[in-house]
Amino acid sequence: MTNKPTVISRRGVLRAFAATALVAAPTYSNAAGFLRGAGDIRRLKMYSRRTGESLDVIYWIEGDYIKDALTEVNWFMRDWRRDRSRAIDTRTVDIIAATQQLLNTSTPFLMLSGYRTPETNALLRKRSRGVAKNSLHMKGQAVDLRMQGKSVRQVATAAASCAAGGVGRYSRSNFVHLDCGEKRLWGR
């Protein structure tokens, strides 16, 4: 498998950093700064093979989150094994949207795992030692995803540019973990 160079343009990164410097609100994650100047809208595009569902929603307009859109995001990112949802932290939603914008593509993310019930998390821990006992997935603060046409490295590099939470590279399993927890990087 060959690693393709990251396709984040220098101009795009500079524009994103300039936007972050211009507007910094303590109630938003750092990722929100990357979304400024985008017509004051924030959009999320994902799909799930597990449920067969797609999501293409504008969830924020001119400084306000759209309640109905966030409800749609919460349901889309539900624990499909238990068919239960919970409020997804808007900081995580912002990190996903900022990462997608930095990748400069209209391709949706493939979501592998969003919210997990404690029962699902325990089940996954039995199957893999890589699942955290107190996973942020159980708090609605984490997502595992991949994007067709983008390498794990490309997605992780874009997410890490947001400097807004945890970014884990799982190259062997072909996915990236994003969360709104403490800023940290791990994986290969």
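## Cysteines

The count of disulfides in this predicted model is zero. A disulfide here is a pair of cysteine sulfur atoms within 2.5 Å. Such a link is a covalent bond between the sulfur atoms of two cysteines. Cysteine 162 is buried, at 2% relative accessible area. Cysteine 180 is buried too, at 6%. Buried means under 20% relative accessible area, exposed means over 50%, and partly exposed lies in between (1.4 Å probe, protein chains only).

Residues are numbered from 1 along each chain as its sequence is written.

## Helix α6

Helix α6 spans residues 152-161. Helices (H or I, at least four residues) and strands (E, at least two) are DSSP runs, numbered from the N terminus. The buried residues of α6 are Val152, Gln154, Val155, Ala156, Ala158 and Ala159. An α-helix has 3.6 residues a turn, so residues three or four places apart point the same way.

What covers these buried residues? The cover includes α4 (90-102), β4 (109-113), β5 (142-146), β6 (166-170) and β7 (175-179). After α6 comes alanine 163, with a positive phi near 50 degrees.

Strands β1 (residues 41-47) and β2 (residues 54-61) pair in the antiparallel sense over seven bridges. Strands pair if DSSP finds at least two bridges between them. Tyrosine 47 has serine 54 in β2 as its bridge partner. Six residues lie between the strands of this hairpin, where glycine 52 takes a positive phi near 75 degrees.

β2 also pairs with β3 (residues 64-65), again antiparallel, over two bridges. Tryptophan 60 stands opposite tyrosine 65 in β3. This hairpin has two residues between its strands, and glutamate 62 in the turn has a positive phi of about 45 degrees.

## The largest pocket

A pocket is an open set of points on a 1 Å grid over the protein atoms alone, where a 1.4 Å probe fits, with protein on both sides within 12 Å along at least five of seven lines; lining residues have an atom within 4 Å of a point. How many residues line the largest pocket? There are 32, and Arg116, Gly130, Asp144, Tyr170 and Phe175 lie nearest its centre.

β4, α5 (118-127), β6, β7 and β8 (184-187) each supply at least two lining residues.

How values were computed
This is a predicted model: local features need pLDDT of at least 70, side-chain atom pairs count only at pLDDT 80 or more; totals for chains, interfaces and linings use all residues. Side-chain values use heavy atoms; hydrogens and water are left out. Contact means heavy atoms within 4.5 Å.
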